[in-house]
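Hi,

Here is the structure I promised to pass on.

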There are 2 protein chains.
Amino acid sequence: MLDGMADRPYHHGDLRAALIASAERALAERGPSALSLRELAREAGVSHAAPGRHFKDKQALLDALALTGFDRLTGRLEHALDTAEDTGARTRVLALARTYVGFAIDSAALLDLMYARKHDSRASPQLSSAVERLLDTVVRPIIDGQAGGEIAGDDPGPVAATVSAALHGFASLNAATSPEKVEESLAEVVRVLFEGLAPR
Amino acid sequence: MLDGMADRPYHHGDLRAALIASAERALAERGPSALSLRELAREAGVSHAAPGRHFKDKQALLDALALTGFDRLTGRLEHALDTAEDTGARTRVLALARTYVGFAIDSAALLDLMYARKHDSRASPQLSSAVERLLDTVVRPIIDGQAGGEIAGDDPGPVAATVSAALHGFASLNAATSPEKVEESLAEVVRVLFEGLAPR
DNA sequence: CTGACAAGTTGTCAATGACAACAATCGGGA
DNA sequence: TCCCGATTGTTGTCATTGACAACTTGTCAG
């Protein structure tokens, strides 16, 4: 029975989720180094050791946070693709890029964390599979585009590597830029991607 | 002089540089969270408060470290460009990419730190100008290429944005990949960049 | 009912970053 | 040359933190 918020019940209800949410706020507002388990515990109104029941480690909390980040980003990308389903390949890639960059702008610190964890060799297998799902999503419009003759080549590999690199790189480099400027710049980047550097 | 068993002079000689070097090693070996000022001090053979004379803050140390990273990377890129001076635009871009990715592979944690600091609004002006010099270097072969008719367009802006995004993104995404695979993949990416996604 | 397990609590410890007050060394000008 | 101020390093201290141990409270299956 959820007893409501009366005089703090002994059991929090969903401390795990509350900690992750708090962590994300703290991460965004004060940077990764300022993130303290004890502070999160205080915000949640529990004792300083309570987080230990849900996360073995500070690192475990960060891993869980990164994981939610990947899930959320992948979800948004999938939604963007579904919405642009019947448009051209270029439009779909642009939709993908817009979404990715949007995420990078309003969750810059989280994105950093996500890739920092991904690069760590001690990363959990869950994290790796989350990254895979993300990449699969990016590859989808490319495979479709090649099948429909809108994108050159028949091996999605090199094209996917290029597009995901450009996507991630652009997002990472422009995470601190104002959304309007980014939007404009982004359209140009997708155009250059499709038309290539070499003169036609 | 109470020169005990260790012939350690009261003054270290160049503590500042020693700390930065130690910090880079520790960063690479044990990750950013394990980096402790006191440990660096111990490694340098000085007291736990000595680093405070050279760096106001732990953050200040990290900023200085990031700065050396940018300087080193820019230096390598400039050298790579100079070496490839009389070749075609595509070769020069490939040289740039190789160098950038090489840096990312053997200094992955440092590169993360560099961009983490860059994204922080409280970053020092020195850091910003270091980033600018880096971008200028990347833009150079593009301007040259457009002037020589090897790269389409006359505004380097969009092309530079695309190339630097792809460069940085590819490096970031492949920092944990084996050098051989990366080398192969990299050549394909540069090819796709030049020829574009759209069928010719 | 009950007892095992999950979730939270208090207590403690070593490590850390920051700072203050003090000491040794160095270097430049009188 | 000598002295005095600026640098650089030292010891001491403090609050905060992450981790762990031992204990308590609530929950739920049988």
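**How α3 and α4 of chain A pack**

α3(A) and α4(A) cross in a right-handed way (left-handed would have the near helix turned anticlockwise from the far one by less than a right angle, right-handed clockwise). Before going further, this is a predicted model, where local features need pLDDT of at least 70, side-chain atom pairs count only at pLDDT 80 or more, and totals for chains, interfaces and linings use all residues. Residues are numbered from 1 along each chain as its sequence is written, while chains are lettered from A and ligands numbered from 1 in the order in which they are written.

Back to that pair: α3 covers residues 58-83 of chain A and α4 residues 89-106, and they pack at an angle of about 150° with axes 9 Å apart. Axes here are lines fitted to C-alpha atoms, for helices over the stretch in contact, and angles run from 0 to 180 degrees between N-to-C directions. α3(A) and α4(A) are therefore roughly antiparallel (the label for angles over 145 degrees; under 35 is roughly parallel, 65 to 115 roughly perpendicular and the rest oblique). On the α3(A) side the contact uses L73(A), R76(A), L77(A), A80(A) and L81(A), and α4(A) answers with R92(A), A95(A), L96(A), T99(A), Y100(A) and F103(A). "In contact" means C-beta atoms, placed from the backbone, within 7 Å.

**The chain**

Chain A has eight helices and zero strands (DSSP runs numbered from the N terminus: H or I of at least four residues for helices, E of at least two for strands). Its mean pLDDT is 93, and 94% of the residues score at least 70; pLDDT is the predictor's confidence in each residue, from 0 to 100. Residues 1-7 of chain A stay under 50, and the model gives them two contacts beyond four places in sequence.

**The two copies**

37 residues of chain A are in contact with 37 of chain B. α5 (108-119), α7 (156-173) and α8 (179-195) of chain A each supply at least two residues of that side, and α7(A) gives the most, 13 residues.

A rotation of 180° with 0.0 Å of shift along its axis superposes chain A on chain B, RMSD 0.1 Å (least squares on C-alpha atoms of residues with pLDDT of at least 70 in both). The two copies are thus related as by a two-fold rotation axis. The same surface serves both, as 100% of the contact residues of chain A recur in chain B.

Cheers
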